[in-house]
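Please look over the sequence and the model below.

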Amino acid sequence: MSVERRPSFERVARVKGTLLEYLSLGASLVGIVALAVLLVYVAVDAFDLASASHEWILTYVGTVVVPLVALFLYSADDPGLTVRVTLALGGGPIASFMAFRLLAAMGGSVPGLTWSVFYLFAFVVPTTAYVLYAGSQGPIGATAVGLLGRLLGGIAAGLALVVLFVVFDPQLWTLAYTLGVLPTGALVAFARRRESSLANRLALPVGIIGFLAATVLDGLLVFYVRTWLLYVWSVAAPVALGVGLLAARERDRREAALVGALAFAVPVAGSLAGTLVGVAPRHALLVLLTLAVPTARFVRRALDADEGALGLVAPLLLAGGAVVGTLVVQAGGFPAPDPWLDWSYVTSAPSRHPEQAGLYPAIVGSIFVICLVAVLSFVLGVGTAVFLEDYTADEGLSGTITRVIQVNVANLAAVPSVVYGLLGLGLFANMLGMGFGTVTTASLTLSLLILPITIISAQEAIRAVPDHLRQGSYAMGATRWQTTKNVVLPEALPGILTGTILALGRAIGETAPLIMIGAPTTVFSPPEGFASRVSAMPMQIYAWADAPQPEFRYGVVAAGVVTLLVVLLALNGTAILIRNRYETEV
Amino acid sequence: MASSQPDSTWRTSRRTALAAIGTTGALGLAGCIGLGQEGDEDGGELSGDINIAGSSTVYPLMFAFAEAFQGNHDGVNIDVSRTGSGGGFQNHFCPGKTDFNNASRPIKDEEKQLCEDNGVEWIELQVATDALTVVVNNEADFVDCLTVDELKQIWQPDAAETWAEVRDGFPDEEIERYGAAETSGTFDYFTENVVGEAGAHTDDYQATEQDNTIVQGVQGSEYAIGYFGFSYYYNNPDVVKALKIDDGDGCVEPSLETAASGEYTPLARPLFTYPSTESLGEEHVAEFARYVVEQTTNEDLVAGDVGYVPLTDDLQSQMQSRLEDAIDQAQG
């Protein structure tokens, strides 16, 4: 090459690069903004914010949001941020008000929104979210977020337990626990203490026999004991035992015993107090267990820590703010919204009167089906993935067969859900006689639907396990089964769980396959077992969207959509938690 | 003692988690067996399942009956599906999977045949009267009333392209059509009674089972026309304009009164439900069917809550005796 033809760097054009940057920014904004607008309108409909007065919204922003934001700003300790947030929250109402006035003067209007609702979603929500994020980087904010998260998560987990016991008979669980889980646990503990291999080997058969005995006995016996008492024995007691054992790792025996006793006594006593506020003690017990135990542990740790204990006031701030806000609203007589999505909506059956309509049977149905789908697709998906990754040869005839299977699994992931619905109808409902639109048929069909996604993500996770770990295991003389059980699966678990739970998110929103297998549009009571006919949240929402009365099409549908989204977020949140927990463990 | 053991004993390792997940799975699957054995409890109270499918026009009415019945009978589980009249007969009722099929038109011969082939016997019960409503955009000032013949020109297979072709003086604009899908009983009734031949319908239209879609379409264009059950119009009278229909005796508007008096022809139509005779042999199904017939004259429920015309007392007692005969036969 001659010297003259060297490229000259001064003449590189930046236009293309800049253009691409802004194009990609625009592309990502289109999706996010469209989704945000949709969610805002759905939320406005579901909570009837359109009929909330400006004073009502501003009062609650002032009493609930502002103190919380102040706490997090204190935690972030960033003067620049404080100024910006103050400007946004304080100037927001004025800016929104002026903007709406201006728009009205020009003859335009924003359909379905008032300036205060606009302020709420355009200023308060994003600012609060950002401040929460920025503040949680500091110790106070981190404590506050941790505590709020445990409170919310505890309530969610408790409600999930309540829903599970609606469909799973508490009596069956009590029998299974007493005859199966308890002896097995005792044997394992004994084996660990005395290093008795006999006890260890006996544990599994004893558990299985106990469980079978429980299922047989359940058909013969009827307990005339209150469900609350069953929960105390079969749920509260083992949880307290576990808590005590965990505490024994860090403290001496007496303290650990005290902690365990508290973990038992507080929820049990608290649940009896639940009668006073009109909550059934058996439900209160489950919620208090999942709420109190992690919260107490967290508070204890936060108090022990050097800094950040101030963050523990966050829930008090919120509760106090809500009380003050309510008092102010009542004193001022501000018109309050009448939300569609309220307690009665999630606890009552569908109705021909929109204000009485509820989603309860469909919520329970959806959660029940999804739990079964989780179990089935996890077992089948992981099994297939392990086989394809670790048990097949790469070459020769079996290698070719493996590749063919691989390609087909990948293709199956792209098959439309209606086709899976047809498969479910033909195979499970008609051929195997599992019933039309029953829980079993629905969960098997949905499991098949997400199976390819589960397999592929599990395969990726297994493939990501470094090969030297396997080789090391083999070099120590471990068999293939031992390597899979002790090295590969534990390493791959976070990835497998993430993939599975994200796939479940798809399954919970599916409507088409459920229509195909004849799942009813409306049921009035939650499923009572595996042979019950079941409806799901999206089915009921679809039916309401075509109801003659406009209140159904706007308010009730929006409330259903928000409920579905909350359940979905809870699922994905669980996925993220599990993943983070096991990723940091390595 | 935990404190005397090395730390690893009590740590929740991934292995333990895996074992826990495996156990949960096993418990879940075994619960399947456990719960499968239950059921069949005999008590004094009515108990059992009732499965209802069929017409989406009748769905709101049957839903209301079911909700009211369920309020008094906790042990009875009713489910209601919207499949279209034809879809319900074809896929659910005649194969013997449902106890009731709702229909917005009488059962067809081929459906009778299918039911007979599968050994499913049934009776026909009228539950209400509907005034099939033809709607146009609120802005469409040029039209208030159409004759049946003009309707036919709009909806027949070789349909008019523009409004001007339908009547002189109408604007020379293309007609946008929104109508019922072929699985729908509304489609069958409309073609039979307006076009004059079952199934004869223009292809140049948006077909849907969702009334809401029709309304959205008609709201979107000044020159659009659509038809659906009266209930939707009754609950949303302001969103679209209902046309009066002239069957030779002058223009008659669709309303509960004109449908009840029989003036609103030919679009006032009976709505049916078809219980299977075999299911009527079970006491809870029979009781529900009796309740439905009893409520068909309930103004508040049929007209007020849903928007259809209640039955006359005469017609009700006719249905009652038909039902009782079938129940006697099934349980006898």
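What percentage of the 332 residues in chain B do buried residues make up? The share is 45%, where a residue is buried if 20 or more other C-beta atoms lie within 10 Å of its own, exposed if 12 or fewer, and partly exposed in between, with C-beta atoms placed from the backbone. This is a predicted model, in which local features need pLDDT of at least 70 and side-chain atom pairs count only at pLDDT 80 or more, while totals for chains, interfaces and linings use all residues. Residues are numbered from 1 along each chain as its sequence is written, and chains are lettered from A and ligands numbered from 1 in the order in which they are written.

Chain B contains 14 helices and 13 strands; these are DSSP runs numbered from the N terminus, helices being H or I of at least four residues and strands E of at least two. Of the contacts in chain B with a separation of 6 or more, 72% join residues 24 or more positions apart. Two residues are in contact if their C-beta atoms, placed from the backbone, lie within 7 Å.

Two strands pair if DSSP finds at least two bridges between them. Within this order, β1 (residues 48–54) and β2 (residues 76–80) of chain B are parallel and share five bridges; B:N51 has B:D79 in β2(B) as its bridge partner.

Strand β9 (residues 224–228) of chain B has five of its five residues buried. B:A224, B:G226 and B:F228 cover one side and B:I225 and B:Y227 the other, and both faces are covered. Strand β5 (residues 133–136) of chain B pairs with β9(B) in the antiparallel sense over four bridges, with B:T133 opposite B:F228. Strand β7 (residues 176–180) of chain B pairs with β9(B) in the parallel sense over three bridges, and here B:R177 stands opposite B:I225.

In chain A, helix α7 (residues 197–220) has 24 residues and spans 35 Å from first C-alpha to last, close to the expected 34 Å, which is 1.5 Å times one less than its number of residues. α7(A) bends by about 35° at A:A203, and the proline A:P205 follows within four residues. The bend is the angle between axes fitted to the seven residues ending at a residue and the seven starting there. Buried residues of α7(A) include A:G207, A:F211, A:A214, A:T215 and A:D218. An α-helix has 3.6 residues a turn, so residues three or four places apart point the same way.
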